[in-house]
Amino acid sequence: MAAVSSINSKQLKKELGNNKPDHVYLFLGEEEGEKDKIISRIISAIFKDDEDRRNSVGRFYVEDLDGFLSAAGHAVSPSMFSANLVTIIRNVDNIKSSKLSKDAAGDLIRNLPSSTTLIMTSEKYQPPAIFGAEELKLIKVVKFWKFFANELAGYASEFLGRFGISADQRALDRILEISGRDIRRLDEILEKLRYSGIRGLATPEMISGLIHDNAETTIFEFIDLLFTGDTSALEGLQRVLNGGIHELVILSNITRQAEMIEKYHWLVKSGMPGDKAAGECGVFDKNKDLFFKMACKFPEERIRKIFPLISRTDLELKSGGQKKSLLSNPVFILAGEILFSI
């Protein structure tokens with residue numbers, strides 16, 4: 001493939017400060033947190049009204065051509081609620097290259113209404129093969145490179161300095177260690193420090209005390225891992241159980257998440273836009289991308305298979321004795337079935 005013209009995320013942020021968003025974007029690279037921040041910025045530039053934002057933004061995590069065609073259908077259909085529409089298609093590199101997929105990608109790019117802003121993402125650094133040279137000329141390609149430690153440290157230092165907090169290199173190293181060098185986690189930590197009451201010099205010890213470096217997985221983190229299909233959920237569940245959380249509490253959280261996903265699919269099937277349907281299910285805006293990933297991982301047919309397993313697990317927990325081993329724990333068995341069997 002010939003070299004593709006592209007810019008980096010820093011250049012894009014500068015462009016967005018001076019101009020309206022482009023028509024079609026392809027976000028490439030591993031820095032997912034920065035992609036999320038810029039997507040939110042583009043959406044805010046297009047929609048000033050929260051209701052328009054909820055009703056006229058479609059988010060899709062595609063795993064195959066069928067998923068891409070569904071997302072493309074959203075992109076070319078005018079919004080009933082606003083003059084503008086935003087369609088976000090994640091993981092376009094999942095789509096296998098074929099004549100059918102190339103034709104579909106070409107049709108989408110060439111026939112996209114002027115009222116639609118299309119944002120596609122891939123964790124790879126080269127455009128997917130479904131896009132030909134002519135389509136790529138119509139796409140703003142942006143590469144999101146992983147941040148270096150010194151860039152994140154500078155970012156953190158500048159942010160804290162605006163609120164009267166100074167951090168030496170040891171403190172900055174501690175912040176990066178706790179964040180795992182994830183920009184999304186780093187932003188959360190910086191916000192906590194901002195409102196912590198600290199002013200002046202922040203030591204590593206102060207930071208560790210305020211921002212707990214949780215080796216323990218919370219029940220909410222376990223649920224996120226489980227419903228995104230991450231196999232490390234089983235290790236997370238072990239830590240949750242070791243932390244003293246009762247199995248029935250864990251089962252209740254699994255049930256609640258499955259019910260939210262089932263309700264979401266029902267609302268979308270009934271004609272409600274995806275963003276609004278997620279809101280109706282009680283999903284906060286900041287959590288929607290994660291929720292859409294779960295809904296993609298567990299489509300309607302798959303999510304239904306969980307409920308009989310939940311009923312069986314509930315019966316076993318309420319009627320059985322104490323299980324001595326992790327492998328015989330009904331909740332652990334359920335988590336394994338959700339990950340591997342349905």
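1. Let's start with Y25, which stands opposite I119 in β5. On β6, K140 is the residue opposite Y25. Strands here are DSSP runs of E with at least two residues, numbered from the N terminus. Please keep in mind that this is a predicted model: local features need pLDDT of at least 70, side-chain atom pairs count only at pLDDT 80 or more, and totals for chains, interfaces and linings use all residues. Residues are numbered from 1 along each chain as its sequence is written, and side-chain values use heavy atoms, with hydrogens and water left out.

2. Y25 belongs to one face of β2, a strand covering residues 24–28. β2 pairs with β5 (residues 116–122) in the parallel sense over 5 bridges; two strands pair if DSSP finds at least two bridges between them. β2 also runs parallel to β6 (residues 140–143), joined to that strand by 4 bridges.

3. Is β2 covered on one face or on both? Both. V24, L26 and L28 lie on one side, Y25 and F27 on the other, and all are buried. Buried means under 20% relative accessible area, exposed over 50%, and partly exposed in between (1.4 Å probe, protein chains only). That gives 5 of 5 buried residues in β2.

4. Turning to the cysteines, the structure holds 0 disulfides, a disulfide being a pair of cysteine sulfur atoms within 2.5 Å.

5. C281 is buried, at 10% relative accessible area, while C296 is partly exposed, at 21%.
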